Amino acid sequence: MLFANFLKKDLMNNSNEKIEEVFKGIAASPGIVFGEVYFFTKHTPRIEEKNISSQNIENEITKFEHAIKRSEVELLKIQTLTEQKIGKSNANIFEAQILILNDAILFKTICELIKRTKKNAEYIVNLEITKYQQLMLSSADEYMRERAHDVEDVKNRLIRNIQQEKLISRFKNNTIVMSETLTPADTVLFSRNNILGVVTETGGTTSHAALIARSLRIPAVLGAKGICNSIKNSDEIILDGNRGVIILNPTKETKKNYHARQKEFEKFERRLEKLRDLPAVTLDDFEIGLSSNIEFVEEIDYIHSQGSHGIGLYRSEGVLIGQDIIPSEEEQFNAYKAIADKTFPFSVIMRTFDIGGDKVVDEHVKEENPFLGFRGVRVSLASEKFFTTQLRAILRASTRKNISILLPMISSLEEVRESKRILEKTKDDLKNENIPFDEKIKIGVMIEVPSAALLAREISAEVDFLSIGTNDLVQYLLAVDRGNENIGNIYQELHPAVLRTIHFVISEAHKAGKKVGICGELGANPLATLPLLGFGLDEFSVNPAMLPEVKKIIRSITMQDAKRVALKVLELSDTNDIKNYLKEELHKVVPDIPIND
């Protein structure tokens, strides 16, 4: 993760002039814009616990029912606006929020609590929906935590409508919007005002707000912690969505440099559009797999538009969004089949649930460090019935023969073998029931735990492929939580230990005759493309917004040169030396590519 704290640099001798300041966040949507800041302060409903009389219970429930209807109308309007701007597939993001509003179990629970406790509707709504949020926020999985913001948006919308407060969605045009957090609905509504860009203190590349911003081609920098305390309304800034940088009070020299960068980026983007339907093949004819990481079926049209050849990581936790209980086999089957059908003829790698234990045990599990706790395959193996339900659904959805299964959080051979045993038993059960499935379905393992990396050759002998999950692998190798802003600078994807470990995994897997892909954020880092190619990586699965850039790099170099770069990188033992070397080499290959500092 990039530094959350800002860096000051006094570039002017005149003490009366404003000092240029540089802030860093996460590059969530590409582009460079210049403009004034407009602070968007989200209205957080004030919730008071109130006692109501028996005579007013029905009136309180009626207020709640009207709020649901009004909230649904609002979301349907936003969904229609989104369809008009960026197509139906992206608009379907709001379906999940509408489904929460139509959740019969949630509705019944809230109504019963109003009756039993004789408390006001907004208090009960906040109490109940916050429970869902807390479960998601406590998850070790980053993508589940991102979805908690969508749930919060539904909650606040409901409460606002119970309190009958107006939604304010229009403000000053042609500004760069800055806020602590933004929802997908906020981002869509802002687009009506021709905003120039978006900056937030929270969120990342996987948030729905980021997805909408990319689809609307609105430059965005997210996760710039603390920035709202340092910048004022109407301040002049430069937003660099390519590098995840915000510059306050830019000097004339900085403006000149960034105007030049802006022109270069726009030319580069136009050239990338021509590559969409071309294969990811090196100059000496080595073809590399290039696919996308997704979580929802609604993302598939977008990844196709970016030139993706399939899904290298489908995070199945998406089916849990808004659910208080694990979905049934039939519900999961329908979700997985929709993914497989829409991806066909390309393939999709489905990762089994990577969730915390609180989703499958009766009592909420409090863990000091969920990253090192009860999650991923550990949860699946602890509850064979839970695991079998998901495997049955995946297998039943595999009749097009374009699905592979991926096991997360593997740390030992025993876990691999036990997972395979349950898979084979599930296959036998389906055969006995005369239910069709792909009998040769492939199974792979995510390499994200150091012990699994060291056992790469032995694990490869047990499965069909490996997929390197760099997000967790970097954390575990460097003993650093990238979400901890106090040590965020230590989280270095290009650390020599990380690159050497990846090289080792690829080499060991190839010795066992198995292919290796990458599905972590490192795969989307342009600086990493050359060494990963040189290490022999078989497939990149990346954030779809980065697909054209990765493809451009692959198509601009020979495998021989990539191997030369990789060998040099393995000799270097300092992260900064590695970054500087890779910047030089990448600019030789693609001179006009924007690179994160």
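Me: How many helices and strands does the secondary structure of the chain come to?
Reply: Bear in mind that this is a predicted model, where local features need pLDDT of at least 70, side-chain atom pairs count only at pLDDT 80 or more, and totals for chains, interfaces and linings use all residues. Residues are numbered from 1 along each chain as its sequence is written, and side-chain values use heavy atoms, with hydrogens and water left out. Helices (H or I, at least four residues) and strands (E, at least two) are DSSP runs, numbered from the N terminus. The tally is 22 helices and 17 strands.

Me: What share of the 597 residues is buried?
Reply: Buried means under 20% relative accessible area, with a 1.4 Å probe and protein chains only. On that cut-off, the share for the chain is 56%.

Me: Where is Pro45 found, and which residues does Pro45 touch?
Reply: Pro45 sits in the loop between strand 4 (32-39) and helix 1 (57-86). Its relative accessibility is 7%, so Pro45 counts as buried. Taking contact as heavy atoms within 4.5 Å, and skipping residues up to four places away in sequence, Pro45 touches Asn156, Ile159, Arg160 and Gln163.

Me: What separates the C-alpha atoms of Pro45 and Glu122?
Reply: Along the chain, Pro45 and Glu122 are 77 residues apart. In the model, their C-alpha atoms are separated by 9.3 Å.

Conventions: Buried < 20%, exposed > 50% of the residue type's maximum accessible area, 1.4 Å probe, protein only.
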